[in-house]
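Hi,

Here is the structure I promised to pass on.

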Amino acid sequence: MCQLLGMNCNTPTDVTFSFTGFAQRGGRTDHHSDGWGIAFFEGRGLRHFVDHQPAFESPVAELIRRYPIKSRNVIAHIRKATQGEVALENCHPFVRELWGRYWVFAHNGNLEHFQPRLHASFLPVGATDSERAFCWLMQEFAKSHAGVPSVAELTLTLRELVPRIARHGPFNFMLSNGEALWTHCSTRLFCVERKHPFAHAQLADEDLSIDFATMTSPQDRVAVVVTAPLTTNVPWTALQPGELRVFVDGAALG
């Protein structure tokens with residue numbers, strides 16, 4: 001299956017360290033070589049990069065590793081194809097507009113026999129179960145709310161909708177509108193919340209380490225969520241199967 005990476009912060013932060021290790025799983029330290037993508041929110045704007053080449057050797061991924069784009073919400077994905085051929089239109093994360101703002105979604109899993117009825121406002125471009133699930137979520141959001149709901153309201157809506165998709169198979173996903181990061185665990189997700197005092201970190205997939213204390217302020221707070229822990233010397237917390245967790249300003253909401 002695919003792998004997911006999400007970051008949520010209280011101040012714009014670059015994801016180059018985490019992405020450097022994560023990208024190695026796209027064909028070098030793991031077999032997820034069927035494309036990749038990443039999306040960065042910047043205010044109401046969005047930088048969105050996808051490539052059907054393996055992440056560890058993609059020139060676009062190399063650009064991301066060297067270009068410290070700062071964002072408060074980031075979603076990245078490396079793909080192991082289950083439904084849909086290896087093609088650009090099937091690369092996550094997917095992007096849609098709703099209520100005048102961007103929404104970004106990435107999924108890890110395999111949804112069997114998931115063929116929801118979709119109307120013209122939200123239709124998939126590619127052939128993945130993931131994009132169909134995203135379109136259906138957007139469609140149901142639009143039905144449930146006349147305008148942008150609060151984070152708490154949208155979380156309640158997701159708690160009602162997610163089981164209707166998850167019954168078709170593993171539905172690990174990340175979703176963001178630039179305000180919050182929603183994550184759902186069906187099988188495997190881990191998170192870490194970095195805050196003062198910041199520690200030294202060593203990547204698991206690359207011979208690279210960093211001392212976050214030299215690059216942060218005491219007010220900074222960063223949450224990272226990933227399919228498998230990225231660092232070896234920091235304890236990661238496993239999300240429970242069926243758990244929907246939302247992060248705002250670098251911390252999980254209770």
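Strands here are DSSP runs of E with at least two residues, and they are numbered from the N terminus, as are the helices. With that in hand: Pro-93 sits in the loop between β4 (70-78) and β5. Please keep in mind that this is a predicted model.

I'll stay with that loop for a moment. The peptide bond joining His-92 and Pro-93 is cis, with omega about -5°. Most peptide bonds are trans, and most residues other than glycine have a negative phi. His-113, in the loop between β6 and α3, has a positive phi of about 60° although it is not a glycine. Asp-249 does likewise, at about 55°, and is found in the loop between β14 and β15. How exposed are they? His-113 is exposed, with a relative accessible area of 71%, while Asp-249 is partly exposed at 29%.

Six strands make an open sheet, in the order β5-β6-β7-β8-β14-β15, with antiparallel pairing. At its edges are β5 (94-98) and β15 (251-252), each of which pairs on one side only. Helix α3 (residues 129-144) packs on this sheet and touches β5, β6 and β7 (172-176), its direction making about 15° with that of β5. Between β5 and β6 (residues 101-108) there are five bridges, and the two strands run antiparallel.

Four bridges tie β14 to β8, antiparallel, and Thr-183 is the residue opposite Arg-245. Towards β15 there are two bridges, again antiparallel, with Val-248 facing Ala-251. These two strands form a hairpin with two residues between them, and the Asp-249 mentioned above is in the turn.

Helix α4 (residues 151-166) also belongs to this part of the picture. It lies across β6, β7, β8 (181-184) and β14 (244-248), and runs at about 160° to β14. α4 has 16 residues and spans 21 Å from first C-alpha to last, close to the 22 Å expected at 1.5 Å a residue. There is a bend of about 30° at Glu-160, and a proline, Pro-163, follows within four residues. Which residues of α4 are buried? They are Val-151, Leu-154, Thr-155, Thr-157, Leu-158, Leu-161, Val-162 and Ile-165. An α-helix has 3.6 residues a turn, so residues three or four places apart point the same way. The buried residues of α4 pack against β6, α3, β7, β8 and β14.

On to the other sheet. This open sheet has seven strands, ordered β3-β2-β4-β1-β12-β9-β13, and the pairing is antiparallel. β3 (45-51) and β13 (237-238) stand at its edges with a single partner strand each, so one side of each is left without a neighbour in the sheet. Helix α1 packs on the sheet, touching β1, β2 (36-42), β4, β9 (190-195) and β12 (221-226), and its direction makes about 170° with that of β1. β1 and β4 are joined by eight bridges and run antiparallel; Gln-3 stands opposite Ile-78 in β4. Helix α2 (residues 59-66) lies across β2 and β3, at about 35° to β2.

α1 (residues 16-24) is largely enclosed by the rest of the structure, because nine of its nine residues are buried. Among them are Phe-17, Phe-19 and Phe-22, along with Gln-24.

Leaving aside residues up to four places away in sequence, Thr-13 touches Met-7, Ile-69, Lys-70, Ser-71 and Val-222.

That's what I have for you. Happy browsing!

How values were computed:
Residues are numbered from 1 along each chain as its sequence is written. This is a predicted model: local features need pLDDT of at least 70, side-chain atom pairs count only at pLDDT 80 or more; totals for chains, interfaces and linings use all residues. Side-chain values use heavy atoms; hydrogens and water are left out. Two strands pair if DSSP finds at least two bridges between them. Contact means heavy atoms within 4.5 Å. Axes are lines fitted to C-alpha atoms, for helices over the stretch in contact, and angles run from 0 to 180 degrees between N-to-C directions. The expected span of a helix is 1.5 Å times one less than its number of residues. The bend at a residue is the angle between axes fitted to the seven residues ending there and the seven starting there. Buried means under 20% relative accessible area, exposed over 50%, partly exposed in between (1.4 Å probe, protein chains only).
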